[in-house]
Amino acid sequence: MAKNNNFCIFIISHGRANSVITWKLLDNKKSIYPRYIIIDNTDTESNEYIKNFGKDKVIIFDKEKIAKITDHGDNFNNLQTTTHARNACYNIAKDLGYTYFLVLDDDYTAFQYRIDNNFKYPNPVKSVSNIDKIIALFLEYYKSIPAKSICMSQGGDYIGGDNGFGTERTNYSRKAMNSWFCSVDRPIKFLSRLNEDVNTYLIYGQKGDIYLTIPFVSLTQKATQKNVGGMSDAYIESGTYVKTFYTVMYCPSFCKVTLMGTTNRRIHHKINWNHAVPKIISPEHKK
């Protein structure tokens, strides 16, 4: 596989200098793409990150500077969010000389195939052995379409079956979470302190921007509230209740509060996609 010199991987992290699981996973998969850990200047473990990964691999951004130009969706003056790191990545990529980059969280434990060559759902799912090949295919597709961002799916996308993905190449989901393929030429201004991924793809999606989840490959991550550091404290404090209402506040015309799960049910947002985003119509219907 040819190395793409105009692409890198960013892993956003905070307070987990000794537990950047995604870095270890990419090491195990023998990924050759250049990668960096993105932390903010309030992280008390910054020296530990540099010790573990090297000064040239740890990028520290000014959190307060980014916060001043970020819509948090509240007036709590609480800067505990991944939104700032996501917004900082664009200038960081420019400074490093990259046009394209992939933003990952720091707590991934696996990449898995979810749909095979025959568009069937394998059971059991198979682990991705060559993650760089998958990344290259995602990047190639991203470059070929006008989407703001595309991403891999998550395990929860398959609860209850295909959950709307279907078995055709065009049946993608109009959202983006966790693994963001981005370009400095297609900037996204992430917003909201909590649920920033959902609120970002909904606010801009309703205006016509395209965000897609590609169902063929999924990632697995540790449960947020069981993993020390990162956003765990914020979610332990308020659970999913407060997080959900950020999305209802931003998009009240097509989002409501509901319950998710079967045994341990929890509050979650529910999106009416018929009212959320413009439909993508095949060019063959153009008049």
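Helix α1 is followed by K30, whose phi is positive, near 60°. Helices (H or I, at least four residues) and strands (E, at least two) are DSSP runs, numbered from the N terminus. The model is a predicted one, in which local features need pLDDT of at least 70 and side-chain atom pairs count only at pLDDT 80 or more, while totals for chains, interfaces and linings use all residues. Residues are numbered from 1 along each chain as its sequence is written, and side-chain values use heavy atoms, with hydrogens and water left out.

Helix α1 spans residues 21–28, and its buried residues are I21, T22, W23, L25 and L26. Here buried means under 20% relative accessible area, exposed over 50%, and partly exposed in between (1.4 Å probe, protein chains only). These buried residues pack against β1 (7–12), β2 (35–40), α2 (46–53), β4 (100–104), β5 (108–113) and α5 (131–144). One of them, W23, has R35 over its face, at 4.6 Å from the ring centre; a charge sits over a ring if NZ of Lys or CZ of Arg is within 6 Å of the ring centre and within 35 degrees of the ring normal.

F111 is found in strand β5 and counts as buried, at 1% relative accessibility. Leaving aside neighbours within four places in sequence, F111 is in contact (heavy atoms within 4.5 Å) with L25, L26, K126, S127, V128, I131, M152, S218 and L219. The C-alpha atoms of F111 and V217 are separated by 7.0 Å, although the two residues are 106 apart along the chain.

The structure holds 14 aromatic pairs, where rings of Phe, Tyr and Trp (its six-membered ring) pair if their centres lie within 6.5 Å; planes under 30 degrees apart count as stacked, over 60 as edge-to-face and the rest as tilted. The rings of F7 and Y33 have centres 5.0 Å apart and planes at 80°, so this pair is edge-to-face. Because F7 lies in strand β1 and Y33 in the loop between α1 and β2, the pair ties together parts that are 26 residues apart in sequence. F7 is buried at 0% relative accessibility, and Y33 is buried with a relative accessible area of 3%.

F138 and F181 form a stacked pair, 5.3 Å centre to centre with 15° between the planes. This pair links distant parts of the chain, with F138 in helix α5 and F181 in strand β8 (residues 180–183), 43 residues apart. Both F138 and F181 are buried. Elsewhere, ring pairs link F10, Y36, Y90, Y98 and F101 into a cluster, and the charged end of R186 sits over the ring of Y142, 4.1 Å from its centre.

The second largest pocket has a volume of about 440 Å³. Of the 20 residues that line this pocket, the closest to its centre are I66, N87, A88, N91 and I92. On a 1 Å grid over the protein atoms alone, a pocket is an open set of points where a 1.4 Å probe fits, with protein on both sides within 12 Å along at least five of seven lines, and lining residues have an atom within 4 Å of a point. Grid points are joined across faces, edges and corners, and a volume is the space filled by probe spheres set on the points. The largest share of the lining, 8 residues, comes from α4.
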